[in-house]
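Please have the sequence and the 3D view open side by side.

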Amino acid sequence: MKNLNFKAMTPIKSVTLVTLFAVLFMSCDDFGNLNNDPNNPSQVRTELLLTNAERSIDNVVGATTGTLLVQYIGETQYTDAQEYRNMNANFNGWYTGPLQSLQTIINLNSDPETAPDVLSGGSNANQIAVARILKAYFYQMMTDRWGMIPYSEALQGRDNFSPAYDLQEDIYADIINELKEAVNQMDGGTGVRGDILFDGDMDQWALFANSLRARAALRIADANPSLAASEFADAVSDGLISEDVMYPYLAEANNQNPWYARFQTRTDYAIHKTIADYMKDLEDYRILVYANPAPNYSDNDPEVTFDEIQGMPFLEDAGELTNDEISFPGAAIGGGGPAVGDQGADLPIITVAEMHFAMAEASERGWIADDAETHYLAGIEASWNQWGVYDADNFADYIAQAEVAYDPAVWDEKIGNQKWIALFPHGYEGWAEWRRLGYPELTPNPFGVGVEPEIPVRFTYPTSEATINQDNYEAAVQAQGPDTPYTRVWWDVN
C-alpha cells in the first residue's frame, strides 16, 4: 500500500453561520463607489461556498435511515422508519444546496472573466479540483440511494428545469473519471480556503479522492469487473489515506454532532439488538463505546462490561421496553443525552479500516498482489484503534475466534461481517455494502410493511418528479424498473 505522509489533521472548526449567507449578486457600478455597500460584497466568496457545501456532509454521515436499515440503531418510540414506511425521499435539496454551490465554484474558476476575482478561495485549479471531488462524493451517495438520477443535464438552472436521468453505469464511470482528473489538475498553488476537512492541504485532498475512487470502483465490482479492477488498482497505486477522514463537529449548538442533538429532549434511538448481540457474543470491545450501558443492567462504576449493553429488538409495540432496559448510542458517536453525550464528537467519512477491507477484497479478486488476510486483520485492528479500544491481548483473542478468523473460502462473508461492524455508524455506507456483498445476513423487521417484509434496497423518487419532470421520470422507471424500494440499483447484482 502506497501512502503519503499526513500532516497532523487540524480542520478549521469554527464557522460563523452568518458569513455563509454573505454570497451576494454583483451590484450596478454606474455611480462608481457611491453605490458600493461595504457590508454587502459584490463578488462571490468561493471559500464560503466551499464551507457551506462541506457542511452538507453532516447530512450524509449523521443520517439515521441507513442506520435503521442495517440494524445499527433501533427506534424506541416512533417506528415507521425501521418498518420501512419512509423510503420516499426528496433529492432536490442536494442539487439546490451543496451541488449547486460546488458547480458555482467550478464555473467561477473556469471563466477567464471571473477567475481572477475568486483567488481568495485558493488557486483556480485547486478550487475546481476540490469542487469536483466533493461533487463526486455527493453524487455517489445519491445514486447509491436512488439509482438513476439527473446527472449530465443537472445543475443547469433555468437552461434546463427538466433534466434527464442518467444510467447508473454511466454515472459511476464519470464519477471515477472526475475523481482521477481532479487530482491530476491540482497545480501546487495556493490550497483551498474555507476548507473544514483538510484546512487546504491539497496532498490530503488527493489521498481522499483516490480513496473515494477505490470505494467507487469496489462498489461496481460485480457489475463492471474490468473497470472496477483497473481503477481500484490505479487508485491504490496513487496512494490511499493513512489516517481516518472525519467530519469535525463542535461543542456548540450550530455545529454540534447530530446524535448528540437528537438526545437533547428525546430518546428515540437505541443501539440495535442485532449488532449488540453479535458483537457481545464475540467480546468485541467496540460495542462498549458504540453504546452506553442500559441503566437496569449497569453497576454504575466507570468500567463498562458486555452484560451492561442491551440492544433494542424489533417489537410490535416499542413501548414494551422502558428506557432503563436498553442502551443508547455511546458518547463516541455523540449520543446518549446531555449528561453522557459528546457534543463535538467527530463522525467518520472514510476510514483506514474501510480501505484495508477494500484491499482484502481486491486481493481475493486478483486486482492487486497483496495478501488478503493481512489487510483483513489490519482492517479490524485499524477499527479497534479508531474507537480507542485496542489492547493486544484482547485483540489476539478476538481474531482467534472461528467466527472472526479469516477464511479465503468465504472471504465475502468474513469481510462483509467485519466491514459492517467497522462502518458503524455510517448507515448509508453500511447499507450499500450490505446490499453489495449480502453480509451480514440480516433478518428483516417482522413488523415491517408487507405480508413478508423485506429490507428495502433503494429510495423511491420524490413525488414531485412524476409531475414536474414526468417524461424523464417515466423513462428512468422504464429503464431501471418499478419505482419501489425493492427495485435493485445497477450494481446490486448479488
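How much accessible surface does the protein chain have, and what share of it belongs to carbon and sulfur atoms? Keep in mind that you are looking at a predicted model. The accessible surface comes to about 20,200 Å², and carbon and sulfur atoms account for 48% of that area.

Now step back and take in the overall dimensions. The C-alpha trace of the protein chain spans about 75 × 50 × 50 Å along its principal axes. The fold is built from 18 helices and six strands. Among contacts between residues at least 6 apart in sequence, 74% join residues at least 24 apart.

Of the 494 residues, 56% count as buried. The largest nonpolar core has 143 residues, and those with the most contacts inside it are Phe138, Tyr139, Met142, Trp205 and Phe232. Helix α5, which covers residues 124-146, gives the most to this core, with 13 residues.

Finally, zoom in on Phe138 itself. Leaving aside residues up to four places away in sequence, Phe138 touches Ala53, Ser56, Ile57 and Val60, together with Trp94, Pro98, Leu99 and Leu102.

Definitions and conventions:
Residues numbered from 1 in each chain as written. Predicted model: local features only at pLDDT ≥ 70, side-chain atom pairs only at ≥ 80, totals over all residues. Heavy atoms only, no water. Core = buried A, V, L, I, M, F, W, Y, C linked by side-chain atoms within 4.5 Å. Buried < 20%, exposed > 50% of the residue type's maximum accessible area, 1.4 Å probe, protein only. Helix = DSSP H or I, 4+ residues; strand = E, 2+ residues; numbered from the N terminus. Contact = heavy atoms within 4.5 Å. Areas by Shrake-Rupley, 256 points an atom, 1.4 Å probe, with all protein chains shown as cover.
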